[in-house]
2 protein chains.
Amino acid sequence: MLTYDIDDRGEEALYAYLYECIRADIECGAIAPGEKLPSKRKLADHLGVSVVTVEGAYRQLIAEGYVQTRPRRGYFAAKIGKSGAAASGNIAQGGTGVAGHARQAREYRFDLSRGSMPSKLFPLASWSKALRDTLTQEATATLVGEADPLGCIQLREEISNYLRQTRGLAAPPENIVVGSGAQTLYNLLIQLIGRNRRIGIEDPGYPRLTRVYQRNNVELAHLALDASGVSMAAVRTSGVDTLHITPSHQFPTGIVTSVSRRHELLGWATEAPNRYIVEDDYDCEFRLAGRPIPTLQGIDASERVIYTNTFSKSLGAAFRMAYMVLPPHLAKRYRDEMSFYSCTVPAIDQLALARFMHRGEFERHVNRLRTHARDVRDAFIATLKAGMPEGSFRISGQDAGLHFVVEFLDVDERELRQALETESVRLPSLGEFMAKPDGETNPKAQFAVQYLSLSKEEAKAAAKSIARAYARGSKGQSL
Amino acid sequence: MLTYDIDDRGEEALYAYLYECIRADIECGAIAPGEKLPSKRKLADHLGVSVVTVEGAYRQLIAEGYVQTRPRRGYFAAKIGKSGAAASGNIAQGGTGVAGHARQAREYRFDLSRGSMPSKLFPLASWSKALRDTLTQEATATLVGEADPLGCIQLREEISNYLRQTRGLAAPPENIVVGSGAQTLYNLLIQLIGRNRRIGIEDPGYPRLTRVYQRNNVELAHLALDASGVSMAAVRTSGVDTLHITPSHQFPTGIVTSVSRRHELLGWATEAPNRYIVEDDYDCEFRLAGRPIPTLQGIDASERVIYTNTFSKSLGAAFRMAYMVLPPHLAKRYRDEMSFYSCTVPAIDQLALARFMHRGEFERHVNRLRTHARDVRDAFIATLKAGMPEGSFRISGQDAGLHFVVEFLDVDERELRQALETESVRLPSLGEFMAKPDGETNPKAQFAVQYLSLSKEEAKAAAKSIARAYARGSKGQSL
């Protein structure tokens, strides 16, 4: 019978790993076309996994055409063309960083394009307890009845407390809107402030953001950065009326917007009516050193700043909870004009998260995650320093959040990238986050390192691979 | 100390009920401005409820300005103006039917504008078990890692099986997109098929739908109905390229679109490129008598029909899960162009629902709910028949789903509506669901009855109230 080393799967889901093993066997012919597969129960017993796991793997194989079912007869390997089935590899939608590039995460030994929390750090026990207590202690009507369109008051109150304590931000619950991820909130926000806008986003920046705004048919301008943040010249010449920026920790450059630039930005916002700044504070929980950076909304006296943040960074990509803090006049407009929309997060999850926060579990978890991030980052940088010639690279933006930029000197970027591919390291260059094609706008060999998903040991190994790639790609050393 | 009869709250959430009691006491002065409220623990002990309940009530009172906290001193009733606090009554967003009308559900003794499942029928035990098993048996990476943008394959597979078994619909998992409610999916759908459209919706119809499309800046046309469904003349003269209709059970008229009209509609859709029909099958689980009505998508050979359905009807408004079945070419387009959007439902909830369906719990729950609906409907209609003169009313559309239309004869609609207000019955007239103001387009005394949230006894009492209101409003009987 089919035998695979289940313990070899690393952090992958069991069913996903099993799916990949069987798929590989079908693709290479180890399982012949038309061959009968074992029943779900038999294979589960054989491998010592649950039937549900085998079921999940079989389902995916069937959905992608690798396996066929015949009523009352069982499962059979399909006849596939040499190029494999049509829709291969839907499970792990890796590479969250660069949506435009259809790279498969699992092809790489080390993937530094993924900023996601390692799943083993998810606080499963305390989250399960919060869920369980919610189900047993809340009235059923609260769990399933029509909830407040802005989100459950308990959660908004906890978020309000959290923002006051960690960000010094006065965000009353009535200004907070909860949603199923930042993307969902941006879709609602555009409907709130109106689609007839020209929105400026940072370049380089978050590629998915460009896609969200494009799909909403708003005009977009990509704005250059300088050392202090988004360039005021770019803001002024672009004719934008709305900015979407990451002032606490620019993605991907790591730039922290300076205090004077913050005031310039706020000044710009008040010069004309109807201007707004979306302050995307996506990884503020993870400032790793130095004083916390105050929010833009905290110093905005004119109700021009919309603050947004997400739980996806800290609790996993599949968690789907985010929130925005609206200026009072927009909060009122939301309540008046947008509350025909039901809140997009199930009430059970909202109430569980409120409990989780109220008990201090969220803070404890973020502290643990921050320590992990610091350890991984330090191991990575130390290994890079040990393995590379002095003065061959520069690191910036490493304290403000969960990624940093490494710039390699005296190297041909193309050769370095090729060498990284050979080493099976996925390390996106800053050019990949720019609106215009690579090369044109990013002559330097600058790369964005997102390390949170790695273990300390993996970080060391990845840094060694990068040092080897540099040695191969550096000028005057071409073999 | 504050004392309230907690058992008197009916189906309301404990904390919401407590909030209302305290608010009422503050508003009427029974609790004086500035008066200290008991501590949360003391009040909880006193009333025999949990501290969490009191906390929830206090939170809401604070959020709305009825109560103020003073550090280390406790909770105090605020000084409020005669009109009450600014933002009163955010908890129970009642009256899901008519979003435009800011009526408060709790003001009414019987509310027939709410189609929501009574929370005591929510399958709390089996849902909790499905959640628990998901948390303990699935790999953590599956629970929190980046999921498939269309939704977890396990859930899409279950939905596919369900649609085949209950609707005879062949909906392969790769064509199914899961989202946090129908509204979220419509927002995505518009981005998928393009905003530059003229969309026709039924008149009378679902008011929230108008709002969703308006907020998306698509052109709208409200289309009249005839006995067979949406009028073909209205479709043709309106110049629409997209229809959003409820063919299995029109909301609110209860009309079932005839077979010949279905073919006419499909014919219209294929006459020009880029035409689509959104088939909104929102309450198909609840056909109470007669043969099931096949879906429009099931007879669509030209990939013109987008099928949508929701779990909010069957599992509660706060459940936030819905799905759409795209025609193959749109499913491919979604995967190619829209999968930068993360699926909007948390993976834990998706996997729990997949388990819940796989175990047959969903089907059992829907069967129980259908029996409840039939009992309530029958009690309501029988009581109406017993209490009203023969031939004084007509009922239609009562078998196809969770609401029906009652038309009162020989009555002045305005007087009847006034009498219903006096009886404290919220019974929306069909005119309230029309794009144009009442009266103009709805000269008949037709009302939409949504009865699912009532118990059998409440349904009888509501019907008696209506009979009394009719007696007062009927012609020749004015007192």
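Author: Tyr307(B) stands opposite Val325(B) of strand β11(B). This model is predicted, so local features need pLDDT of at least 70 and side-chain atom pairs count only at pLDDT 80 or more, while totals for chains, interfaces and linings use all residues. Residues are numbered from 1 along each chain as its sequence is written, chains are lettered from A and ligands numbered from 1 in the order in which they are written, and side-chain values use heavy atoms, with hydrogens and water left out.

Strand β10 (residues 305-310) of chain B and strand β11 (residues 322-325) of chain B run antiparallel and are joined by 4 bridges. Strands here are DSSP runs of E with at least two residues, and helices are runs of H or I with at least four, both numbered from the N terminus; two strands pair if DSSP finds at least two bridges between them. In general, the strands of a sheet pair through backbone hydrogen bonds, either parallel or antiparallel.

Both strands belong to an open sheet of 8 strands in chain B, with mixed pairing and the order β4-β11-β10-β9-β8-β5-β6-β7. At its edges stand β4 (176-179) and β7 (229-230) of chain B, each with a single partner strand, so one side of each has no neighbour in the sheet.

Helix α12 (residues 328-338) of chain B lies across β4, β9 (276-280), β10 and β11 of chain B, where contact means heavy atoms within 4.5 Å. Helix α12 runs at about 90° to β9(B); axes are lines fitted to C-alpha atoms, for helices over the stretch in contact, and angles run from 0 to 180 degrees between N-to-C directions.

Chain A superposes on chain B by a rotation of 180° with 0.1 Å of shift along its axis (RMSD 0.2 Å), which is the relation of a two-fold axis.

Technical notes
Copies are superposed by least squares on the C-alpha atoms of residues with pLDDT of at least 70 in both.
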